[in-house]
8 protein chains.
Amino acid sequence: MILQQYKEGALTLEAATAALQHDEPSVLNLGFANLDLQRQKRCGFPEVVYCAGKTVGQSVQILRVLMKQYDNVIGTRASKDVYDKLAPEIPDAQYDELARMVYQFKDKTVVNGDRVIAVITAGTSDIPVAEEAALTAEIMGNKVERIYDVGVAGLHRLLNRSEEIRRANVCVVVAGMEGALASVVGGLVDKPVVAVPTSIGYGANFHGLSALLAMLNSCAAGVSVVNIDNGFGAGRMADMINRMR
Amino acid sequence: MILQQYKEGALTLEAATAALQHDEPSVLNLGFANLDLQRQKRCGFPEVVYCAGKTVGQSVQILRVLMKQYDNVIGTRASKDVYDKLAPEIPDAQYDELARMVYQFKDKTVVNGDRVIAVITAGTSDIPVAEEAALTAEIMGNKVERIYDVGVAGLHRLLNRSEEIRRANVCVVVAGMEGALASVVGGLVDKPVVAVPTSIGYGANFHGLSALLAMLNSCAAGVSVVNIDNGFGAGRMADMINRMR
Amino acid sequence: MILQQYKEGALTLEAATAALQHDEPSVLNLGFANLDLQRQKRCGFPEVVYCAGKTVGQSVQILRVLMKQYDNVIGTRASKDVYDKLAPEIPDAQYDELARMVYQFKDKTVVNGDRVIAVITAGTSDIPVAEEAALTAEIMGNKVERIYDVGVAGLHRLLNRSEEIRRANVCVVVAGMEGALASVVGGLVDKPVVAVPTSIGYGANFHGLSALLAMLNSCAAGVSVVNIDNGFGAGRMADMINRMR
Amino acid sequence: MILQQYKEGALTLEAATAALQHDEPSVLNLGFANLDLQRQKRCGFPEVVYCAGKTVGQSVQILRVLMKQYDNVIGTRASKDVYDKLAPEIPDAQYDELARMVYQFKDKTVVNGDRVIAVITAGTSDIPVAEEAALTAEIMGNKVERIYDVGVAGLHRLLNRSEEIRRANVCVVVAGMEGALASVVGGLVDKPVVAVPTSIGYGANFHGLSALLAMLNSCAAGVSVVNIDNGFGAGRMADMINRMR
Amino acid sequence: MILQQYKEGALTLEAATAALQHDEPSVLNLGFANLDLQRQKRCGFPEVVYCAGKTVGQSVQILRVLMKQYDNVIGTRASKDVYDKLAPEIPDAQYDELARMVYQFKDKTVVNGDRVIAVITAGTSDIPVAEEAALTAEIMGNKVERIYDVGVAGLHRLLNRSEEIRRANVCVVVAGMEGALASVVGGLVDKPVVAVPTSIGYGANFHGLSALLAMLNSCAAGVSVVNIDNGFGAGRMADMINRMR
Amino acid sequence: MILQQYKEGALTLEAATAALQHDEPSVLNLGFANLDLQRQKRCGFPEVVYCAGKTVGQSVQILRVLMKQYDNVIGTRASKDVYDKLAPEIPDAQYDELARMVYQFKDKTVVNGDRVIAVITAGTSDIPVAEEAALTAEIMGNKVERIYDVGVAGLHRLLNRSEEIRRANVCVVVAGMEGALASVVGGLVDKPVVAVPTSIGYGANFHGLSALLAMLNSCAAGVSVVNIDNGFGAGRMADMINRMR
Amino acid sequence: MILQQYKEGALTLEAATAALQHDEPSVLNLGFANLDLQRQKRCGFPEVVYCAGKTVGQSVQILRVLMKQYDNVIGTRASKDVYDKLAPEIPDAQYDELARMVYQFKDKTVVNGDRVIAVITAGTSDIPVAEEAALTAEIMGNKVERIYDVGVAGLHRLLNRSEEIRRANVCVVVAGMEGALASVVGGLVDKPVVAVPTSIGYGANFHGLSALLAMLNSCAAGVSVVNIDNGFGAGRMADMINRMR
Amino acid sequence: MILQQYKEGALTLEAATAALQHDEPSVLNLGFANLDLQRQKRCGFPEVVYCAGKTVGQSVQILRVLMKQYDNVIGTRASKDVYDKLAPEIPDAQYDELARMVYQFKDKTVVNGDRVIAVITAGTSDIPVAEEAALTAEIMGNKVERIYDVGVAGLHRLLNRSEEIRRANVCVVVAGMEGALASVVGGLVDKPVVAVPTSIGYGANFHGLSALLAMLNSCAAGVSVVNIDNGFGAGRMADMINRMR
């Protein structure tokens, strides 16, 4: 695979040489990165690229290799620059500005067609994180229903949608500020709830700490929590739950 | 007043002498304490004694003076020892073990007979703090309605009581863990909500921090917050609001 | 209402279609937002729009709907861009740069003409937060008195104004740094005090934490606290208290 | 039901009277507690009693009612006193000292016979929390496999058991100190991982904060987190995931 | 000196031997402790013994040596056991239960007779810390005036004493909860203020953090701060300031 | 004074009118600010202006009044803009870019000619804070000696200067990172040490927290602490100590 | 080995059976514990038992197996009960009350006879942690020199011992409060320094946080840090460094 | 040396004059900096310059002096500006943009030719910190092996490289997020591990706190920790360990 990718220009000469020196069947060693080529087999989806902290060049080089190798690929927290550099070579690459995701979504098979993941937000400001979760779940083969801006300050907004929520197989609840929505949804359904605290708020929200602590201390059982603003993690967790058989 | 109290045994000789040396009309100086004799006039209720951190003897001596001087008196965070030492001399003194309050409640005039303060808890474990709030408000002349264990994990428990809650003029919401109840109540009523975070919970509740932050970040407006476990403060705030004219 | 607003241009075709699909009497569903049309009835004032974290377009679309529907409307933490986009269509829209509020203030009825809310600051730097509180209270129908820069480092500045302060029915105290002013005012008056910690300061003020903790631990009773820099919340709380009847 | 329970002695006269006054089909109001009688129907299992912060008497009274009404009932963080008071009347009540759980486990139907929940600990000291999770999952109808003391300081201990772990449908990972086990397990399996940080450790573990933060920041996807030492929450989450159909 | 102290029984044979092996003129090496015999010369007062964390035996052995060598000696945070073991041999040793200090105070020369250190507390509960400060300053040769329980909730109590306070040359202000007193005193005087936060309070006072942060952020200049509950440190700082010439 | 300042252009018409309406001898009310005209008399130096959080216009207007009224005036945390606007009218105004201070220093009388304040830094990066302290002390009439970059990693650098340090009457120690210098200096001298933690460092220094906590916990007595980066506060405290008589 | 240990009574029947079922050469599975029998080979010393959080019975059973198998064995944070139960069967077991260590130290070979590890404390109160470090290093085959109570408040105490310190090959520095000693020693030597923050102190030391942060921010290079009070970890790190060849 | 450097232009006239006034053999006093000229002799390498917080001019002036005096010199956290100003005069100066280091590396002697320091990262985003460590160690005379992007989410990537890792004499492990790699490596080797937490991550990683706490609480012994993102400190510690003889 290394030589072929080199030939196709996915790898530079330098990276290809480095990779050949470490010729391990399960890893593609680019020097600055060890691509885990067993991830899809082991965990059900290829390695997802966390682009923050990487240079644009590093992100592009990793994503190029993965996108040539796999149908569906995700890069999170990516600047538009990554997409712009990638697009000329990878025609199926897409970019979602809200979710800051660069991705390739060629295989649209829905894994569990009758199961639905509900992605629910407390407010409009939580939507970017929710979109990261929703898109992740969709690219991984799930049907997603978006229910946005139903926070507890106007409870009837939530209750109006409770039938939809109860029909879902997994709920992803995305909320900032006091994060109360996770507990309220958790009390309404008999399905697992994945809670995502967001950093929406100010002052004593301490960049998402208030919602994080609230969700960890939820009085409703069947709620578990991912990192602040970690839409991807919630989408992946929901996908894993949803593909349970 | 000093000499009379000395004669009646409320002050020791030492305290009386100290007090006389500082003969200020507005303060009774006991050396270890300066009783603020203008508090009732200035703030509407005599000085409330915070007994934690004081020796039993200090608490008793201060409360004795106040209970002889005023009809209604409150000592908070008091051990039963304080009451036991006080009771022989002050026949009207009472002790509430749950609320850890020692008090005298002789004047039962209700200040605003038609107005009600609702004291609402998320769980049974929050009741001691709620009782401190309720008792405080009652001793200060308010009508109180207790609505306990209506946390958001079972929303219908709260909605069942929503008529009572909406009829109240002020709501005191007492909740630990994720403290979501304050936001939900805040979204249901058009009256001021005084939120009391409690230390009920464990782990990432960090002794009440989770509920405190949640309440401070409530997405519902018209909610303000007092210290963790500060039932007295909430009762007093509700009283002040309720006596608005 | 949906069709009419569509006709008047307040809703895009897309938003109007979305709204019609969810035709719920109590909610206007814009897809990215569920406007709570019962808020005024339930809580006494229409939904207030928190503009931070929303795109300018989202804020504008929500405010446009609300401003066409209600006389008095508030958007908090709004950039001037929101106002600039809104102004051509909504001639009564106004913008306060200090308070970062965009608002419509057509109904100037004072709800309780004889009652006054005092908004008091410790320093000049606290004024933006204080103005958010004052303006909020005014738009909601209250008479407001501003008493600025009377912090405790020069106590006579405060004492000079104590008559005005005592005449108020509710006090909003806005202070950063050590937030001592809330306790001092709390000790001077027999009216409820709503304390607003600000992030004014540096170093160990930890973005407002010092004032927040100080106010939560106030030795004066009758003080409750809102989030750091939450002028709006304090104004709303004061309004709710003030309209008590 | 109220009168019958009164007759059988499960309710005191006082509690029965209180309950009758609030005769709501979905709640049993004991004054100090509102039992949520819809919980099983709504969420799949009767209300679980959090005994910490309740008096022994309150816990007993609530559990007695529930244990008479339902086959399988759980009380968490219960002292042995609760069990001792309950046992004479409720012959099927059991107590697990390690997990501090009092419970009734009469219906032993396994809901999803072929699915297994693996409960994995990093060390021996984490076992009490793990047992709370395992017992919870078992009482709720799941098959549980315990894999204890396989922390990352001796990786071969974990790798030796990797086949068992991979066969599980859900993994509950219980770890204190640096909580690294959650990430390592998360990287080995393609099933959802519910991570439970424990307070095992000292110093800069800050009562479980180190493991909590580590788990929230796991570089492996498909990991979500519950509160520190919250074995019950993890067991419940795993049960909810496992009963997905 | 070593042999003489051995002869007089202040040192055990073992300690004396250890000390002789390290015969350094400026240090007395007891193995578990290196007594700094230059401290008085270098810093104006002999080494003060912090007894917390030491065994009773270690504290006694160190204090015995110092009390035989110097007139005035201080051991802080000492249990009464230390005193009880020391008293038979050191007839001038004294113990103050409130301040938890064991000390010898033989030389009562007042260093600066006309200068006064005012030790001021916000409440009665702060007195133990204040006494540690006051006693420290007295033993080091200063005249101390105690002004207790003049917290800001009743400002007139403080203003009544303002003449005394203004006459002092240094003010030590001891306060818990919100610690506002330091700022108010700082604004009243033109003398240095040493502020001591105490751990008095609960909940969001976080064991003294609220007062500590408040004092560090004081809006009044001329205020500096010592550790929470560090009465000794404040007394020593005040002493150093007061002996300025 | 108001009218005269108005005539000289120091006050706008609006400000002068506002000031006249509140004609209080001790305060100059500018609406947005209450200048404390008793500060010099009460505390020995005119009000110092904290410019952060104020608009340039507000800072200028306040400083203009003060600089016309007093010889020596200080504005801290001022941007150069403040100076640039002030300079044309106030010829004696100066600006120190390092210390971010705008000031007027016309009266150069040294109050205590033979007493010296040593301002000592651990590193070069701490100099801006040190300069704020040194300049403050100088403008207030003290003789200052600067001893920079003598941190504990090279102890001989400090010991080389120990004679100078011991000769000082007060030491201001400015250090970031681990702040060890305060303890080491505190152990060398018999004079009061005012410690200033700086935010120099990164990572687990948490913006100065490491140095702050270290200094508060100094094992050397006679050390007290001001806020992180608060050079002004330290300079003022040192001045107050130094003018002790 | 399993059967032999069973015969000798080191394993109960139950444990032996469990162990046999999992007969893995590298692990001894006791059900509640998986003893890592490769640890000595892999890491140079048998598994060290962390006794906190384990029952006495669990600790005893694990230590019994290890002490029969290996010459030198360590159990940390052990109560004396563990030793008392172990002693009758394991005659070479010893207990150090100060260090709370139970251990077996049969092979006293010194691995690197000419190399010395210096264990240095700031105060007497730090000795228990230091002894844990020193004893650990000794049992692992190192020569240790103890230099106690040489904190920076009396620098000459440290400088007096600087020759000894410089001769060491590794320095373990144990200090609480402000932890300055680590930086000062780090600046004196050209050898690696392992710093151990202790929880000695109070107030703003926050259970060792002040020393921890100070040490992590040391301005001296060549300093690395272990957990608060982790004498064992420091001893082990020093041992690993010291056996470098 | 001063005059010669002045002649060569390394010192300005002003600096040279200042230096001459303080003519101390062990220090070069530049006024704003005291260069420690004994550092190499005392600690084995010349003073390393921390450029953050210094002006470009200060950094340049200090580095110029050192680079003329010593062969190998390091400036950390330097902007490229420092290099650009330095390069014309110091032809051997180099700049590494990733590591933000300016350095001179003229003496390439490897101190311990057969010993290797392995620098290992969890991810690609950790490489800048790792490069700071690797480069530091190399400039100080060590052989370094880089093993990047082998985090625990794909354990085989690490295990593939375990032979290389085990051959190293010291391991530097650089990881952000949950920092689990330090524990896993610590469990694989019998060599000292220096762990460097990085700030890579977001949300509840709190700028590196999660990895820092995880590493401090590592269940593997033989792991010690440096400050967040402190590649230099780890490289220096590894160098010190590696040069052990």
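Tutor: Cys171(C) has Val193(C) as its bridge partner in strand 10 of chain C. That bridge belongs to a parallel pairing of strand 9 with strand 10 (residues 193–197) of chain C, which extends over five bridges. The model is a predicted one, and the description that follows should be read accordingly.

Within strand 9 of chain C, Val173(C) stands opposite Ile120(C).

How many residues of strand 9 of chain C are buried? Strand 9 (residues 170–175) of chain C has six of its six residues buried. In a regular strand, side chains alternate between the two faces of the sheet. For strand 9 of chain C, one side carries Val170(C), Val172(C) and Val174(C), and the other carries Cys171(C), Val173(C) and Ala175(C).

In chain B, Met177(B) lies in the loop between strand 9 (170–175) and helix 9 (180–188). Met177(B) is not a glycine, yet its phi is positive, at about 45 degrees. In chain D, Met177(D) is likewise placed in the loop between strand 9 (170–175) and helix 9 (180–188). Its phi is also positive, at about 40 degrees, although Met177(D) is not a glycine. Most residues other than glycine have a negative phi. Met177(D) counts as buried because its relative accessibility is 18%, which is under the 20% limit.

Four strands of chain D form an open sheet in the order 3-4-6-5, and its pairing is mixed. Strand 3 (49–50) and strand 5 (93–96) of chain D stand at the edges with a single partner strand each, so each has one side without a neighbour in the sheet. Strand 4 (residues 72–76) and strand 6 (residues 101–105) of chain D run antiparallel and are joined by four bridges. Gly75(D) has Val102(D) as its bridge partner in strand 6 of chain D.

The chain as a whole may be described through chain A. Chain A contains 11 helices and 11 strands. Its radius of gyration is 19 Å, close to the 18 Å that the globule rule gives for 245 residues, so chain A is as compact as a globular protein of that length. The C-alpha trace of chain A spans about 60 × 40 × 30 Å along its principal axes. Of the 245 residues in chain A, 71% are buried. Among contacts in chain A with a separation of 6 or more, 64% are between residues 24 or more positions apart. Chain A exposes about 7,700 Å², of which carbon and sulfur atoms supply 49%.

The relations between chains complete the picture. Chain B is superposed on chain C by a rotation of 180 degrees with 0.0 Å of shift along the axis, at an RMSD of 0.0 Å. Val225(B) has the C-alpha nearest that axis in chain B, 2.5 Å from it. Of the interface residues of chain B, 100% are also interface residues in chain C, so the copies meet through the same surface.

Chain H is superposed on chain G in the corresponding way, by a rotation of 180 degrees with 0.0 Å of shift along its axis and an RMSD of 0.0 Å. These two copies are thus related as by a two-fold rotation axis. In chain H, the C-alpha nearest the axis belongs to Val225(H), at 2.5 Å. The same surface serves both copies, as 100% of the contact residues of chain H recur in chain G.

Some pairs of chains do not touch. Chain A and chain F make no contact, and their nearest C-alpha atoms are 14 Å apart. Chain B and chain G are likewise not joined by any contact, with their closest C-alpha atoms 14 Å apart.

Technical notes:
Residues numbered from 1 in each chain as written. Chains lettered and ligands numbered in written order. Predicted model: local features only at pLDDT ≥ 70, side-chain atom pairs only at ≥ 80, totals over all residues. Heavy atoms only, no water. Least-squares fit on C-alpha atoms with pLDDT ≥ 70 in both. Contact = heavy atoms within 4.5 Å. Buried < 20%, exposed > 50% of the residue type's maximum accessible area, 1.4 Å probe, protein only. Helix = DSSP H or I, 4+ residues; strand = E, 2+ residues; numbered from the N terminus. Pairing = 2+ DSSP bridges. Rg over C-alpha atoms; globule rule 2.2 N^0.38 Å. Areas by Shrake-Rupley, 256 points an atom, 1.4 Å probe, with all protein chains shown as cover.
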